[in-house]
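Please read this note with the model open beside it.

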Amino acid sequence: MKPQTAARKLGVYLPATPQEFQDNAVTHAELRELQHNPPQWLTELREKGPHPRPVVAAKLGVTIAALKRHDSAGPLTTAEIEALLADQPEWLRAEREAARGEGEAKEEAPADDAEAPAEDED
């Protein structure tokens with residue numbers, strides 16, 4: 001598979017990976033090996049970043065679309081994400097609240113048969 005696909009499956013930002021990884025195709029066996037026995041560079045990238053957009057969005061508790069709306073679509077390090085979470089700008093608070101509201105709305109949706117009255121047993 002292409003290095004870009006492998007990086008996506010590993011949850012890392014391709015330009016931050018070693019040049020050897022970027023320049024060569026990755027077999028499915030190599031991908032499994034990287035997933036089960038990550039080398040130091042992969043462990044460090046996952047811990048410190050820079051992280052790709054989907055990971056940044058997940059760590060911030062917002063959608064990728066929210067990042068794009070607020071010009072924060074680029075990769076961020078773990079330290080940058082922690083700083084944003086510690087001192088949240090208004091857009092981040094609003095987007096996190098909106099994301100939380102969507103999750104609660106899905107949980108609160110009643111099932112079709114939940115309102116059926118119980119029958120008396122005599």
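Predicted model: local features only at pLDDT ≥ 70, side-chain atom pairs only at ≥ 80, totals over all residues.

1. Residues are numbered from 1 along each chain as its sequence is written, and side-chain values use heavy atoms, with hydrogens and water left out.

2. The protein chain has eight helices and zero strands, where helices (H or I, at least four residues) and strands (E, at least two) are DSSP runs numbered from the N terminus. Along the sequence the pattern reads α-α-α-α-α-α-α-α. Of the 122 residues in the protein chain, 24% are buried; buried means under 20% relative accessible area, exposed over 50%, and partly exposed in between (1.4 Å probe, protein chains only).

3. Contacts (heavy atoms within 4.5 Å) also reach along the sequence. Of those in the protein chain between residues at least 6 apart in sequence, 53% join residues at least 24 apart.

4. Helix α5 spans residues 53-60, and its buried residues are Val56, Ala57 and Leu60. These cover an arc of only 100° around the axis, so they sit on the same side of α5; the arc is that of the directions from the helix axis to the C-beta atoms. An α-helix has 3.6 residues a turn, so residues three or four places apart point the same way. On the face turned away from the buried side of α5 are the exposed residues Pro54 and Ala58. Gly61 follows α5 and has a positive phi, near 75°.

5. There is one aromatic pair in the structure. The ring centres of Phe21 and Trp41 are 5.4 Å apart and the planes meet at 55°, so the pair is tilted. Rings of Phe, Tyr and Trp (its six-membered ring) pair if their centres lie within 6.5 Å; planes under 30 degrees apart count as stacked, over 60 as edge-to-face and the rest as tilted. Phe21 belongs to helix α2 (residues 19-23) and Trp41 to helix α4 (residues 40-48), so that the pair links distant parts of the chain, 20 residues apart. Phe21 is buried at a relative accessible area of 8%, whereas Trp41, at 25%, counts as partly exposed.

6. The largest pocket has a volume of about 250 Å³. A pocket is found on a 1 Å grid over the protein atoms alone, as an open set of points where a 1.4 Å probe fits, with protein on both sides within 12 Å along at least five of seven lines; lining residues have an atom within 4 Å of a point. Grid points are joined across faces, edges and corners, and a volume is the space filled by probe spheres set on the points. Of the 14 lining residues, Val12, Tyr13, Pro52, Arg53 and Pro54 lie nearest the centre. Helices α1 (3-10) and α5 are the elements that give two or more residues to this lining.

7. The second largest pocket holds about 190 Å³ of space. Its lining includes both Phe21 and Trp41, along with Pro18, Glu20, Asn24, Ala25, Val26, Glu30 and Leu34. Helices α2 and α3 (28-36) each supply at least two of the lining residues.

8. Lys48 lies in helix α4. Leaving aside residues up to four places away in sequence, Lys48 touches Thr77 and Thr78.
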